[in-house]
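Hi,

Here is the structure I said I'd pass along.

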Amino acid sequence: MKTVIVTRPLHQAQPWIEGLQQHGFSVRHIPLLSIQAVADNQPLHHAWAQIDQYTWVMFVSANAVHYFFKGTQHVHWPSHLRAGATGNGTTKALTASGVAAHLIDQPAENQPEDTEHLWQQIADRHWSGTQVLLVRGRSAGNRPERNWLMHQLQHAGAQVQCLAVYQRCAPVFSADDLLWLGSHDARNSCWIFSSSEAIEYLPDYDWAQTTAIVTHQRIAQAAHKAGFGHVVCTRPDLLSLVDSVKSVV
C-alpha cells in the first residue's frame, strides 16, 4: 500500500493524520509550510482597539482566526460585527473563539471553500462606506499576496484595511525527511496538498508517476505545474480525503 503524505503544519495536520490512520492508511507527515505569528503585533493590537468601528471582519483561513484571537481571550466580539469565513474550518475556528454562528457568512454548502464563493454569498450586501478588516497571512519572501477579495470589496464601495497576523515560511526538513524525499518511496506515495505555496517548497524531483490529492483547483494547477502525473481535487474535509485516497491507493 502506498504511503499517504500529509503536508500541512502539524497543528492542522493532526486530525487528518489520525483520521487517515484510523481508516487503515500508512501516513507520513512532511510539513511543507511553517506558520508563525508576525513579528510586529502592534497593528493587531490597534485593530482590536478599534474593533467597534468595523462592520465586517473577513478571515481568509483558520490560521487567520487563530492568530487574530491569540492572547485575546477576554476581548468581547461586538454584537453588530459580522465575520466572513472562507469555509467550514474557518467557521469552526470562529465559533470556538466566541463568535456567534448567526454572525458568520461562508460559502454555500458543497461549494468550493475560497474567497470567490464567500463573495457570492455576500456580494449583494450594502458595502458603500462600510469599514472592513481583512485578516490574512503573508509569505516570508517576496511572493505577492492574493488581493482578489480586497478588490471586490473596494469596487463595491467598502473601506478595506488589510491586517497580516501570521507568516508562511519555508519548511526546515530533518535529515531523515531529506533522505526519504530522495528515495523511490517519496515518488511512489500519495501526497495531500492544501496549499499551492507549499508545493513550491518541494524538492525539484521527477513527480510524473506520483499522485497528488488537492483541496482546490488553484492547488491542482500548482501540482500539475510541479509535474505530478495524477492530480485529484477534493473537498478539505476528512471523509472526502479518505474517499479520494481510497480511489488512488
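C162 is partly exposed, with a relative accessible area of 29%; that class lies between buried (under 20% relative accessible area) and exposed (over 50%), using a 1.4 Å probe and protein chains only. C169, on the other hand, counts as buried at 12% relative accessibility.

Before you dig in: this is a predicted model, so local features need pLDDT of at least 70 and side-chain atom pairs count only at pLDDT 80 or more, while totals for chains, interfaces and linings use all residues. Residues are numbered from 1 along each chain as its sequence is written, and side-chain values use heavy atoms, with hydrogens and water left out.

Back to the cysteines. Searching the whole structure turns up 0 disulfides, a disulfide being a pair of cysteine sulfur atoms within 2.5 Å.

Strands here are DSSP runs of E, at least two residues long, numbered from the N terminus.

β4 runs parallel to strand β5 (residues 82-85), joined by 4 bridges; two strands pair if DSSP finds at least two bridges between them. β4 also pairs in the parallel sense with strand β7 (residues 131-139), again over 4 bridges.

Cheers
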